[in-house]
Amino acid sequence: MTSITRAGIISPGSFSAEDPHSGLEQTLELFNYAEELGFQTAGIRQRHLERGSSSALTFLAAATQRTSQITLETNVVPLGYEVPFRLAEDFSTVAALSN
């Protein structure tokens, strides 16, 4: 029998047009709750021109201030919208904040 040794969540960070702050705040609370429940990973999906987190790395930087044990990850970062050098800097900043 195979056992599950790691479990996590993935969120698009969705929010309503009327109240984006509350939607993003709820997603941060979800990451914190996932950590409290013992999940090992929490991921955010980056979405441009939609009602969701438009910057996965900015969101993850905020999540580092509320979590300490869970591994934070981004599931999708469309490179066509990014400057690769700046994106690498952002990834390293988030990594430094999470340590």
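**Exercise 1.** Find what covers the buried residues of helix H1.

*Solution.* Start with the cover: it includes strand E1 (8–11), strand E2 (41–45), helix H2 (56–64) and strand E3 (71–76). These labels are DSSP runs numbered from the N terminus, with helices being H or I of at least four residues and strands E of at least two. Bear in mind that this is a predicted model, where local features need pLDDT of at least 70, side-chain atom pairs count only at pLDDT 80 or more, and totals for chains, interfaces and linings use all residues. Residues are numbered from 1 along each chain as its sequence is written, and side-chain values use heavy atoms, leaving out hydrogens and water.

Next, list who is buried (under 20% relative accessible area, with exposed over 50% and partly exposed in between; 1.4 Å probe, protein chains only). In H1 that's Gly23, Thr27, Leu28, Phe31, Ala34 and Glu35. They cover an arc of only 140° around the axis (taken from the directions from the helix axis to the C-beta atoms), which puts them on the same side of H1. Over on the other side, His21, Gln26, Glu36 and Leu37 are exposed.

**Exercise 2.** Work out how Gln46 is placed and what its side chain reaches.

*Solution.* First, locate Gln46: it's in the loop between E2 and H2. Then check burial: its relative accessible area is 4%, so Gln46 is buried. Finally, a polar contact of 2.9 Å links the side chains of Gln46 and Glu82.

Note on methods. Contact means heavy atoms within 4.5 Å. A polar contact is a pair of N or O atoms within 3.5 Å; within protein, one must be able to donate a hydrogen and the other to accept it, and residues adjacent in sequence count only if both atoms are side-chain atoms.
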